[in-house]
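Dear colleague,

I am passing on the structure we spoke about, together with some notes on what came out of it. Please have it open while you read.

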Amino acid sequence: MARFLIGRLWQSIVLLLLVSLIGFMVLNLAPGGPLSQFALTPGMTKEALDRIAEQMGLNRPLPVQYLDWLWKLVRGDWGKSFRDNRPVLDVIGSHLFATLLLMGASTLLSMLVGAWIGIRSAVRRGSLFDYSMTVLCFVALSVPTFWIGLVAIFLFSLRLGWLPAGNMYTVGDGSVRDILIHLVMPTCVLALVNVATWARYMRTATLEVINQDFVRTAHAKGLAPRRILMKHIVGNALLPMITLAGMQLPTLLGGALVTETVFTWPGMGRLFLDSLGYNDYPVVMGLLMFSAILVLAGNLIADLLVAFVDPRIRLE
Amino acid sequence: MTATPTPITRRRRFLDNRAVRRFMNNPLALIGLFMVVGLTAACFLGPLLLPFDELYIDLRARFAPPLTGAHIFGTDPLGRDIAARLFHAGQVSMAVGFLAMAISTVIGTVIGLVAGFRGGWTGTILMRLVDAFLSFPSVFLLLTLAAFIKPSPAMITLIIAVTSWMEVARIVDTEVKSVREREFIAAARMLGLSNSWIMFREILPNVLGPIVVAATLTVARSILMEAYISFLGYGIQPPLPSWGNMLNSAQQYLAAAPWLAIVPGVAITVAVTGFNFIGDGLRDALDVRSHNG
């Protein structure tokens with residue numbers, strides 16, 4: 001276990017370094033680079049800009065600048081927002097909860113529905129249910145999230161008036177019930193794509209287990225089919241789902257960004273787009289790096305969880 | 001099989017090919033092909049049949065719902081014909097999708113080939129780089145790049161390609177690793193062929209199948225990505241229409257003119273679903289291993 005742990009941690013650190021390298025390259029693509037903030041100030045002269053560049057150490061060789069940037073990143077000094085001069089990490093932190101709430105709710109929903117569809121399709125392989133779900137999953141994977149969001153707003157808010165069209169709570173309310181009502185539509189829209197992914201993986205995973213010897217033994221022993229399905233088949237098919245949950249994180253985060261925009265949900269995605277609109281590059285870069293780190297952490301946790309549950313992996 | 005030998009024409013041989021036959025027997029793949037061909041034909045031939053071009057402004061027919069007069073899909077807030085704009089946007093979106101696919105497939109294939117063939121440190125570093133790129137949620141990376149670099153259609157295509165070559169690289173890397181160990185590669189080495197000859201002339205033809213499958217799925221993904229960033233306002237810029245930016249302007253008129261949002265959304269869905277169906281059909285038709293078991 002210790003060897004597995006160290007190996008996996010080492011892998012994450014290497015990835016983190018590569019991620020930071022890509023991030024640094026992207027940062028230097030920004031118009032005016034890190035100087036863009038000052039270049040926009042009225043009355044800025046070329047000489048003053050040069051002076052600031054020297055103060056900020058921007059005339060040093062790129063590798064030195066990179067190491068400096070990386071060290072600041074590690075220490076948690078992610079710069080200040082151009083918009084309100086708050087530290088970037090604070091700004092991100094204040095939007096984190098809304099995003100995590102949305103992602104958590106939609107993951108829970110999509111896992112439950114997806115697993116149900118996948119298992120049912122696998123057990124009734126070749127049935128009308130199986131076939132229509134396969135087609136539906138393809139369509140769900142192909143529909144743009146934001147468009148489904150627009151259609152949902154049109155139907156359920158504008159036409160039927162059942163659900164609020166956006167925001168996280170009604171101004172002046174903010175009770176749990178109020179937030180939950182606002183959560184329904186974004187959660188369902190964000191879950192849609194993931195339901196398809198989960199259903200397809202669950203179907204494959206269940207089909208793989210269903211023909212194995214221990215399942216036949218269980219049948220031979222005379223166990224009830226329902227018990228075999230729930231305990232032997234689903235139990236084994238669930239394991240890869242943990243890894244998959246980690247691998248799905250980038251898609252989920254990206255989907256959250258778009259969903260938040262459509263539903264004006266005050267999370268990281270919304271913050272990202274607002275910051276782009278204000279040319280608030282420190283926050284944009286901060287969010288880019290933060291989301292990648294979140295993904296790496298999520299993958300690491302998923303792998304550790306699988307190793308914890310499944311002795312076969314950590315003994316390898 | 002009949003006993004009398006029939007002259008084998010090129011066409012005959014193509015249709016008798018096992019992969020082609022399997023593809024033709026797959027209803028979903030055929031539906032996908034039909035969707036893509038139909039949509040492409042509509043986008044390129046449709047404008048010839050319409051009485052309006054995409055820039056013609058009919059001020060008396062602003063916000064016309066679908067099927068008013070000659071406006072089959074209605075008009076937009078400026079009175080421009082949506083059908084004409086949709087077809088023109090389709091040309092733009094599909095061109096972006098195809099070009100991005102071509103560029104990202106080349107990048108992914110070369111990186112995957114080198115990584116799989118060289119192996120060792122080179123392979124490890126390249127594949128870790130792939131993992132690192134995959135750690136960024138692609139919409140975040142795309143939007144950041146699109147916001148930092150002045151977006152022209154060519155730039156958007158390039159940015160989409162730069163953020164979507166990783167899948168291809170991974171697939172090629174895995175395939176190359178298994179082909180590399182086969183006898184004919186050992187034979188090629190013994191003949192003293194150069195590494196690049198072995199990579200591109202011996203190995204590449206043997207991993208084309210998975211590349212074609214990945215490339216088809218990449219077209220679907222690229223069209224979707226273009227729609228995402230154009231919808232959010234950082235992709236293809238008006239007045240050049242794309243399916244994504246048609247939806248961007250549709251959002252504010254959702255209550256009054258829902259067709260503005262519905263028509264382009266359906267077009268995107270049809271295109272992306274079509275390419276996904278074709279890709280999946282190709283995977284079944286070309287992937288020999290899944291048919292042995």
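This is a predicted model: local features need pLDDT of at least 70, side-chain atom pairs count only at pLDDT 80 or more; totals for chains, interfaces and linings use all residues.

If one takes the contacts in chain A with a separation of 6 or more, 70% of them are between residues 24 or more positions apart.

On the chain B side 43 residues are in contact with 48 residues of chain A, and the area buried between the chains is about 4,100 Å², of which carbon and sulfur atoms give 82%. Three phenylalanines, B:F136, B:F140 and B:F148, supply 20% of the area that chain B buries against chain A, which is more than any other three residues supply.

As for polar features, the count of salt bridges between chain B and chain A is zero, while four residue pairs are in polar contact across the interface, with both residues of each pair at pLDDT 80 or more. The elements of chain B that give two or more residues to the side touching chain A are α3 (27-49), α5 (120-135), α6 (138-148), α11 (208-231) and α13 (259-286); among these, α13(B) provides the largest share, with 12 residues. Sorted by class, the side of chain B that touches chain A has 32 nonpolar, seven polar and four charged residues.

One residue of that helix may be worth a look on your screen, namely B:T273, which is placed in helix α13 of chain B. Is B:T273 buried or exposed? B:T273 has a relative accessible area of 3%, and because anything under 20% counts as buried, this residue is classed as buried. Its side chain reaches the backbone oxygen of B:T269 at 2.4 Å. Leaving aside neighbours within four places in sequence, B:T273 is in contact with A:V139 and A:S142 from chain A, and with B:M35 from chain B.

With best wishes

Conventions: Residues are numbered from 1 along each chain as its sequence is written. Chains are lettered from A and ligands numbered from 1 in the order in which they are written. Side-chain values use heavy atoms; hydrogens and water are left out. Contact means heavy atoms within 4.5 Å. Buried area is the accessible area (1.4 Å probe) that two parts lose on being put together, summed over both. A salt bridge is a side-chain nitrogen of Lys or Arg within 4 Å of a carboxyl oxygen of Asp or Glu. A polar contact is a pair of N or O atoms within 3.5 Å; within protein, one must be able to donate a hydrogen and the other to accept it, and residues adjacent in sequence count only if both atoms are side-chain atoms. Helices (H or I, at least four residues) and strands (E, at least two) are DSSP runs, numbered from the N terminus. Ala, Val, Leu, Ile, Met, Phe, Trp, Tyr, Cys and Pro count as nonpolar, Asp, Glu, Lys and Arg as charged, and the others, Gly among them, as polar. Buried means under 20% relative accessible area, exposed over 50%, partly exposed in between (1.4 Å probe, protein chains only).
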